Amino acid sequence: MIGSVPIHGDLILAPMAGYSDAPFRSICRAFGSAISYTPLLPDDAIVHAPQQSARFTAFFPEERPVAMQLLAKEESRMLAAADKLMEQQPDIIDLNAGCPVRKVSGKGRGAALLLEPERLARLASALARALPVPITVKIRLGWDDNSRNHVQVARMLEDSGVVAIAVHGRTREQAFSGRADWQAIAEVRAAVDIPVIANGDVRTVADIEAIKAVTGCPAVMIGRGAIGNPWIFARRDVETVPPEERAVVMRRHVHKMVAFYGEELGIVLFRKQAVRYVQALQGSAALRRRLVTYQTEAEVLTAIDEIAGMAPAAGAPPQRVSTEGGV
Ligand SMILES: Cc1cc2nc3c(=O)[nH]c(=O)nc-3n(C[C@H](O)[C@H](O)[C@H](O)COP(=O)(O)O)c2cc1C
């Protein structure tokens with residue numbers, strides 16, 4: 001449960017700006033991702049550019065439960081943005097306290113909130129008091145190694161009425177370098193009674209079981225390891241997915257992109273996803289180079305037909321085509 005919202009499953013697609021849009025989220029959802037998180041959206045954009053923002057928070061009905069993620073620093077503007085988000089009837093509102101990007105954290109938002117735990121707790125508490133849906137927060141371990149405060153922050157958030165915390169096991173300074181510290185996530189889990197979602201460096205089924213064992217967390221959030229690999233939510237390693245099955249999912253994905261964005265933008269945005277679906281396949285380098293040049297759905301579909309006939313990933317055992325995760 002996240003507050004009053006039942007969650008069916010223990011694997012969750014991470015919010016990822018530029019990747020976790022409605023088409024990709026709905027594909028991951030069908031394979032078993034238990035919550036659809038929309039990518040971070042700044043409160044001022046939600047308030048001042050509601051039309052543009054709506055594309056990032058739009059979701060398909062089958063994605064529920066949906067968590068919409070807010071980027072904020074100041075209470076009144078955050079609440080105005082949250083009210084606006086509530087018009088789309090999300091199931092959960094999530095506050096971002098982890099984004100390391102300078103243009104975000106330089107303005108005191110995202111991971112910079114970890115430098116001001118009292119402010120972060122105040123913001124979370126204001127959301128919890130104002131909104132009728134559960135409030136969650138996504139954090140890192142702290143700003144840098146000298147100021148790790150994950151346990152203190154988690155306790156403050158729990159006291160503020162937050163009902164679940166996702167923890168990416170790195171500091172802001174680390175950005176995406178080094179290894180995620182799963183032991184530190186275990187410290188958060190042990191310090192609070194609310195559910196803690198473990199996040200960082202999960203790329204294989206073995207990683208899922210390992211992070212659960214180390215952290216004791218009831219749920220695992222997967223980001224980069226899910227790009228080109230929605231099968232991870234069905235606990236299947238990507239190398240074991242035969243080319244023809246990848247082709248089935250790629251066709252579904254490109255259709256959804258075109259339906260959601262229109263052909264021109266949909267195909268451009270699909271390119272970076274497409275190359276990830278095929279990168280492990282033997283002899284796919286030339287195809288990857290072509291995939292990033294296509295402009296039309298017809299061109300992409302023809303290339304996908306080629307994929308169906310390609311050799312499987314190196315070292316992959318032969319497998320039956322499965323329709324698991326089909327929508
Ligand atoms: C391209 C990209 C975009 C991201 N965008 C967001 C975001 O919008 N909100 C957020 O909370 N985290 C964001 N993250 C961080 C991920 O949610 C996740 O915490 C991080 O990638 C670590 O998990 P992983 O090792 O499974 O990728 C982003 C990460 C990447 C790689």
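Predicted model: local features only at pLDDT ≥ 70, side-chain atom pairs only at ≥ 80, totals over all residues.

Modeller: In strand E9, which spans residues 219-222, Ala 219 and Met 221 point to one side, Val 220 and Ile 222 point to the other, and all four are buried. In a regular strand, side chains alternate between the two faces of the sheet. Each of these residues therefore has 20 or more other C-beta atoms within 10 Å of its own, the cut-off for a buried residue.

Strand E9 pairs with strand E1 and with strand E8. Strand E1, residues 11-13, runs parallel to E9 and is joined to it by three bridges; here Leu 11 stands opposite Val 220. E8 also pairs with E9 in the parallel sense, again over three bridges, and in this pairing Ile 197 is opposite Ala 219. Between E8 and E9 the chain passes through H9, forming a right-handed β-α-β crossover.

The loop that leads from strand E8 (196-199) to helix H9 (205-215) contains Asp 201. The phi of Asp 201 is positive, near 70 degrees, although the residue is not a glycine. Most residues other than glycine have a negative phi, and most peptide bonds are trans. Asp 201 is buried, because 20 other C-beta atoms lie within 10 Å.

Gln 89 likewise is not a glycine and has a positive phi, of about 55 degrees. Gln 89 is situated in the loop between helix H4 (75-86) and strand E5 (92-97). Gln 89 is exposed, because it has 11 other C-beta atoms within 10 Å.

A further backbone feature is the cis peptide bond between Arg 64 and Pro 65, with omega about 0 degrees. Pro 65 belongs to the loop that connects helix H3 (50-57) and strand E4 (66-71).

Finally, there is a helix contact to describe. The axes of helix H1 (residues 22-31) and helix H10 (residues 243-261) come within 9 Å of each other and cross at roughly 145 degrees. This crossing of H1 and H10 is right-handed. From H1, the contact involves Ala 22, Pro 23, Ser 26 and Ile 27, while H10 contributes Val 249, Arg 252, His 253, Lys 256, Met 257 and Phe 260. Sorted by class, the contact of H1 with H10 comprises six nonpolar, two polar and two charged residues.

Note on methods: Residues numbered from 1 in each chain as written. Helix = DSSP H or I, 4+ residues; strand = E, 2+ residues; numbered from the N terminus. Buried ≥ 20, exposed ≤ 12 C-beta atoms within 10 Å, placed from the backbone. Pairing = 2+ DSSP bridges. Right-handed = clockwise from strand over helix to strand, strands pointing away. Axes fitted to C-alpha atoms, helices over the stretch in contact; angles between N-to-C directions. Left-handed = near helix turned anticlockwise from the far one by under 90°. Contact = placed C-beta atoms within 7 Å. Nonpolar A, V, L, I, M, F, W, Y, C, P; charged D, E, K, R; others polar.
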